[in-house]
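The stops below go through aromatic pairs, nonpolar cores and charges placed over rings.

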Amino acid sequence: MSDLRKYPKFSVLMSVYKKEKPEYLDFALKSIEHQTVKPNEIILVEDGPITHSLQKIVMKHKRLFGNNFKVIVSTTNKGLGNALRLGTNYVTTNWIARMDSDDYSVPNRFQKQLEFIINNPDVAVVGGQIVEFSESINNPVGERRVPLTKKNIYNFMKWRSPFNHPTVFINKQKLDCVGGYIPFGNLEDYYLWVRIILQKFDVRNIDMPVVYMRVDEGMYSRRGKASNIKYIYQLRKYLRLKKSINYKQEMTGNIIMTLNIIIPEWIRKFLYRRILHK
């Protein structure tokens, strides 16, 4: 295990809600506890009442991790954006590592990203690559690669989210500077990256898979939710008003995103698994 003293202090920020499977949350938390560099604290937001089975998992890991495992309870389910905004208020370090409650962080994830931060002290966001898996991390079904450099991240942002949200380290000071997490449909992370990038902050991704992301059949239907359309249009209009894209690019993106929502689910699954996330 590496000497924790030489690394910047950081917190893991997670959210869990009642529909999560206890075994998935247990798997995710174990991957944090088995890191070569462990976090100074874990902030877990219960987004509304959770099941007794989930509560047992939370208490099990709270006992293992100690007093620096903070459980923040929201009385109602308000969605990921609100949950992360709430959890950020309880973070006491200047770096936040995001992770979802059903994913797996590779054992040296935190170490590699912290080493990058040490070597690039002005960076605001450091993300990484993901491997998508079904049922078991030994059953990979795809990957989502994102660009590495600030310039390429900026160009990628014009069309798609330039970070894999569950992989990122975020500088809390920079996060607060742009207003923090703001609920924005299912696009609260994409909206955040846009605001950070438009502030000209340094942003990067490292060229290694740092998280195994669990995917299921429901993921492809969620990406086809009609309620996402208005947020897509709003975000692309925001990009145009900030002069990051022109009107033609705005309309082109709107058409592509709309088609992604209205096509049959089996076609969407094929496109993601065989082309976009191959």
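A residue counts as buried when its relative accessible area is under 20%, as exposed when it is over 50%, and as partly exposed in between. Keep in mind throughout that this is a predicted model.

**Aromatic pairs**

Begin with phenylalanine 10: its relative accessible area is 0%, so it is buried. How are the two rings arranged, stacked or edge-to-face? Their centres are 5.0 Å apart and their planes meet at 70°, so the pair is edge-to-face. Phenylalanine 10 belongs to the segment before β1 (11-16), whereas phenylalanine 110 is in helix α4 (residues 109-119); the pair thus links parts of the chain 100 residues apart.

Next select phenylalanine 27 and tyrosine 104. With ring centres 5.2 Å apart and planes at 20°, this pair is stacked. Phenylalanine 27 is in helix α1 (residues 22-33) and tyrosine 104 in strand β5 (residues 104-105), so parts 77 residues apart in sequence are tied together. Phenylalanine 27 is partly exposed, at 27% relative accessibility, while tyrosine 104 is buried, at 17%. In the whole structure there are 9 aromatic pairs.

**The largest nonpolar core**

Now select Val125, Phe163, Ile170, Leu192, Trp193 and Ile196. These residues have the most contacts inside the largest nonpolar core, which has 34 residues. Colour β2 (41-47), α3 (80-88), β6 (123-134), α5 (150-157), α7 (188-198) and α9 (228-241): each of them supplies at least two residues of this core. Which element gives the most? It is α7, with 7 residues.

Centre the view on tryptophan 193. Apart from neighbours within four places in sequence, tryptophan 193 is in contact with Val125, Ser161, Pro162, Phe163, His165, Val168 and Ile170.

**The second core**

Move to Leu25, Val37, Ile42 and Phe116. They are among the 33 residues of a second, separate core.

**An aromatic cluster and charges over rings**

Select Phe184, Tyr191, Tyr231 and Tyr238, which form one aromatic cluster.

The last stop is phenylalanine 201. Lysine 174 lies over the face of this ring, at 5.6 Å from the ring centre.

Notes
Residues numbered from 1 in each chain as written. Predicted model: local features only at pLDDT ≥ 70, side-chain atom pairs only at ≥ 80, totals over all residues. Heavy atoms only, no water. Core = buried A, V, L, I, M, F, W, Y, C linked by side-chain atoms within 4.5 Å. Buried < 20%, exposed > 50% of the residue type's maximum accessible area, 1.4 Å probe, protein only. Helix = DSSP H or I, 4+ residues; strand = E, 2+ residues; numbered from the N terminus. Contact = heavy atoms within 4.5 Å. Phe/Tyr/Trp six-rings, centres within 6.5 Å; stacked < 30°, edge-to-face > 60°. Lys NZ or Arg CZ within 6 Å of the ring centre and 35° of its normal.
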